[in-house]
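Please read it alongside the model shown here.

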Protein chains: 2
Amino acid sequence: MKKNNRNGNLISDISFDKLNLPYDLKKLNYSQCEKLCENVREMLIETVSNNGGHLSSNLGTVELTLALHRVFKSPEDKIIFDVGHQAYTHKILTGRYNEFKTLRKKDGVSGFCKPCESVHDPVITGHSSTSVSSAFGIASAMKINGSDNFAVAVVGDGAFTGGMAYEGLNNAGKSDVNLIVVLNINEMSISKNVGGMAKYLSTMRYKDTYIKTKGAVERTLNKVPVIGEPIKNTLRSSKNAFKNFVLSTTIFEELGFDFVGPIDGHDLKDLEDGFRAAKSKRRPVVVAVNTVKGKGYAPAEENPGEFHGVGSFEIQTGNPDVVSADSFSSVFGNELVEFAKSDDRICAVTAAMKYGTGLQYFAKAFPERFFDVGIAEEHAATFCGGLAVMGKIPVFAVYSTFMQRCYDQLIHDLSIGNVHAVFGVDRAGIVGDDGETHNGIFDVSMLTSVPNTKIYSPSDYEELRHCLYNAVYKDKGIVAVRYPRGNSQVVNTTPKTDYYYENNNNKCLVVTYGRLYNNVKTAVDNVKNVDLLKLVNIFPISDEVKSIISKYETIIFFEECYYNGSVSQKISAEFNNVKSYAINDYVKQMSIAEAYDYLGFSVEKLEKTIKEYI
Amino acid sequence: MKKNNRNGNLISDISFDKLNLPYDLKKLNYSQCEKLCENVREMLIETVSNNGGHLSSNLGTVELTLALHRVFKSPEDKIIFDVGHQAYTHKILTGRYNEFKTLRKKDGVSGFCKPCESVHDPVITGHSSTSVSSAFGIASAMKINGSDNFAVAVVGDGAFTGGMAYEGLNNAGKSDVNLIVVLNINEMSISKNVGGMAKYLSTMRYKDTYIKTKGAVERTLNKVPVIGEPIKNTLRSSKNAFKNFVLSTTIFEELGFDFVGPIDGHDLKDLEDGFRAAKSKRRPVVVAVNTVKGKGYAPAEENPGEFHGVGSFEIQTGNPDVVSADSFSSVFGNELVEFAKSDDRICAVTAAMKYGTGLQYFAKAFPERFFDVGIAEEHAATFCGGLAVMGKIPVFAVYSTFMQRCYDQLIHDLSIGNVHAVFGVDRAGIVGDDGETHNGIFDVSMLTSVPNTKIYSPSDYEELRHCLYNAVYKDKGIVAVRYPRGNSQVVNTTPKTDYYYENNNNKCLVVTYGRLYNNVKTAVDNVKNVDLLKLVNIFPISDEVKSIISKYETIIFFEECYYNGSVSQKISAEFNNVKSYAINDYVKQMSIAEAYDYLGFSVEKLEKTIKEYI
């Protein structure tokens, strides 16, 4: 981006206040567009620096997004941003300019895409690799309706490590719908070296464009006397393998897509030409676009690591932060290193979350036993099964919300055979500003419905260490140790792996587990006249715990997970007079403290609830 | 296969009784091998014709399996058959010769692979597309251990429509482990036209082998004077796109694998040469093998449809039968056609189960609104979301056990946005001889843990029709209609969509739903002195139902699903004195009647249980 606009007099014409977005974008000349991109970048930098979020990925897609909105017509054409974390420019350009400063705040603009927020967000995105499937569904419906509109999926190279993206491509490739997949190659995944596809896309990025090269082959053959022309004609007319070799080149073409690109993702005119070419085909097309992380913000471009945590960049969420040393994740990661030092059976597995799960310590210490499998939780769980049957002890560190992806693999590849595999279930419970797509509130329901599973929910670092030890060395089958995002607020000198019980012979017992214990303990201490039971091994519920519970007239159970399938629901099924306070619906974006208050889990509200029963 | 063996005198030498399997296989000469294959085929035909199971797919992999056991050394080398339904020859050749006649019977040989059955089955297989992940885990462990053994995944082309297979390939392609993926191209998927990959593999099958063609390119260029040699050298030495075009050809090579094949899957020597070539590479290799369904059984070869139901072949289970007209599946499929006749919003989706789910009627009547997405339940659910946001009413017919694959998509792509999508949950409950990998006992736990979900469980055809009507036209969000495998045993003249209640003012109420209602009704009628409540809308539990239940001193709840997360557990959480009889662990292969008896759901055992409470 040029820092000085060549047409300063046009700047006022394109101020956000005067534009009817996104419709007026088509009326701008390239010079005005250039200025608009500058404005957008300023807004991105300012907002993200205030509110947190994804900076470099959004700086990289400014021109890409503008070009999409100039070539396509949203909302009639549907533009879907995979994961949604690179959709900030899209939000700004589709009427969310004024609200954008509320990004990721309570009641503010979401960090992901949501139909309830704008008619220009066709579907919810938050988890990876869904956009091709959504867009193909939309494009198929358009075709049935006789519409000539387009569905566009914008997907980063990282999301292409997820099998869902492949399933969508495989299914769509044989169709004739107006589906355009914009493959944003920004090498987010490549630095992580998460697989063959990343390497393949890297090759694509750095070579001559395929289109040009294909032309070059023909041009070369044109110059070959006598035999060049026949070879060329053979290549062109042949429907056999020759054609695949030379005239059909990319994986995407093999899967049935047309292919355009790669295009310079910061050249607006090239982008528009490419998108128009894709539109003209009126069938599934992949458009490959090369973008630069942090583009247009000099410090970020020069040193993207500093501004986007490239060294620590998490593909799946795009969260830029390396997890803090003072966090459950880091404690987990470091403790696993300790185990692995004296036990070469320990293997660590992550689905593109090395830094977020605290496994960077393990990766550095034991690279040969560390596996980053890409955004591929299904594969990860089954891969763990393979390690385990060979005598290894696999430990898969995975965010609660993403573990939802491997429910069938938990059952089929681990539980039925009672295979021993340990899950570090990170970000369990409320995660805060990422909102409803990322809260980890279903892992308890999910895991307790899988036979041969044990679950720990430590409430502080020392308990996490002890639970992890049990999970690795004492237990069998699937063992999950679930812990929250962020840090522990207490130091516990009496860590437990079963339960912690304060018995003062009251008639009312308060039960809880995990992070929520801290608030509950305070509330119980304040209210007095109630006993307290903290579960650490939360499932299966032990006979000892049942014995304790059976003694009370009233049991109040506070639980930071979805109610249906929860531990408190299971306790309620066995005992009368259990009052369960769990989560009954999705929790929108807000800080964890705000969410606790909303859910009745603040100390004040906990006290109020407890008092109702004594 | 030749019908007459050229070395008749050797036949007795290779009788199964005298062979130490699989070890002695390496000692046989090719003539003996040929005879062995004949013997195996005879056994396959005889056993499958008696017990049911997969005939043509297993007839197609006889030489392939023998070659694997001659080149590799099981159990040190680990051979994993994806899905496991093509592993019959493997079972016969690894010491399960005598037991093979018990195939798919109670306490007999499983129709799939199980470590508990043989040391030669490294992992459980039953669901599709898991073998690459398992094998890569095993191969990675071998590498850590310093072992030079091999992990071999045998995968059919159908399984390659599943994203998990891609995730595994993508992850393994960058590694240097001893992983061999044998891609069995038998066009099981191709007749179904389930996607770009199938088409791609079909091309591979019918063209000259890639290896030969690559050679041909070079030979052609050798004949081109002056410029041919430079072009060839350029192609060879270049690491740029040219090389990808001509010298690196397959998708698998793009993903980082070496590639061997395609090989004639019925030429034992070629197969062994190919596998040895793959071994010699000592890194990930894909070996493509072309096999013929029904090979060696003349009637099946000539008319595979008749003997393997090719027209109706289900990729995912390999079950040969088109679902009977007298079945829940057919009633579902036909009713959906009726709806679709007058409503062009109705779309039908299947994950490679057109015939098994009764959707063949819909596919024929409304091809433009019918979508077979491949073995891709994740994609299917999200694809439904895309259809729905465009005003369509997607109905995804899916087996309960395979729906486990789309738990996250249910949450992320449907539930959070309260998108209306209907699920025909087929094979809910016990399925019988396919055993624990295929019983549909987790859908209730899974679906009830997803907000914005409603579940119907009709117990006969007429109720199924009414429930489907409600699901499509009256309800919102995710609506599941779950029904069992097979046919209905009753004709109901008073179909319900909420509940059916027989109130005789007894103190004890028996509650149940679905197929199990038939036995429970008989038992209640026999026992007398208990009231009866059949749920049809099983979740959420309505206030009316709660009101009924609240009147009773004792509630006995019989439920054909896993207990944790069940409806009866939820009822128990709200009411005292609920006695729940659900399923507490995996149920092995046996007939449905045997399973009902085992679970206490036979009429006799139900009566006995009920009598305990009155």
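A helix crossing is called left-handed if the near helix is turned anticlockwise from the far one by less than a right angle, and right-handed if clockwise. The model is predicted: local features need pLDDT of at least 70 and side-chain atom pairs count only at pLDDT 80 or more, while totals for chains, interfaces and linings use all residues. Residues are numbered from 1 along each chain as its sequence is written, and chains are lettered from A and ligands numbered from 1 in the order in which they are written.

1. Helix pair. α6(A) passes α6(B) in a right-handed crossing; helices (H or I, at least four residues) and strands (E, at least two) are DSSP runs numbered from the N terminus. Helix α6 (residues 163-172) of chain A and helix α6 (residues 163-172) of chain B pack at about 120°, their axes 8 Å apart. Axes are lines fitted to C-alpha atoms, for helices over the stretch in contact, and angles run from 0 to 180 degrees between N-to-C directions. The angle therefore makes α6(A) oblique to α6(B) (under 35 degrees is roughly parallel, over 145 roughly antiparallel, 65 to 115 roughly perpendicular and the rest oblique).

2. Residues at the crossing. Gly163(A), Met164(A), Tyr166(A) and Glu167(A) meet Gly163(B), Met164(B), Tyr166(B) and Glu167(B), contact being C-beta atoms, placed from the backbone, within 7 Å.

3. Symmetry. A rotation of 180° with 0.0 Å of shift along its axis superposes chain A on chain B, at RMSD 0.0 Å (least squares on C-alpha atoms of residues with pLDDT of at least 70 in both copies). That is the relation of a two-fold axis. The same surface serves both copies, since 100% of the contact residues of chain A recur in chain B.

4. Interface. In chain A, 95 residues are in contact with 97 residues of chain B. Helix α5 (residues 131-144) of chain A gives the most to its side, with ten residues. That side has 41 nonpolar, 38 polar and 16 charged residues.

5. Backbone. The peptide bond from Phe539(A) to Pro540(A) is cis, with omega near -10°, and Pro540(A) lies in the loop between β15 (537-539) and α23 (543-549) of chain A. In chain B, a cis bond joins Phe539(B) and Pro540(B), with omega about -5°.

Definitions and conventions. Two residues are in contact if their C-beta atoms, placed from the backbone, lie within 7 Å. Ala, Val, Leu, Ile, Met, Phe, Trp, Tyr, Cys and Pro count as nonpolar, Asp, Glu, Lys and Arg as charged, and the others, Gly among them, as polar.
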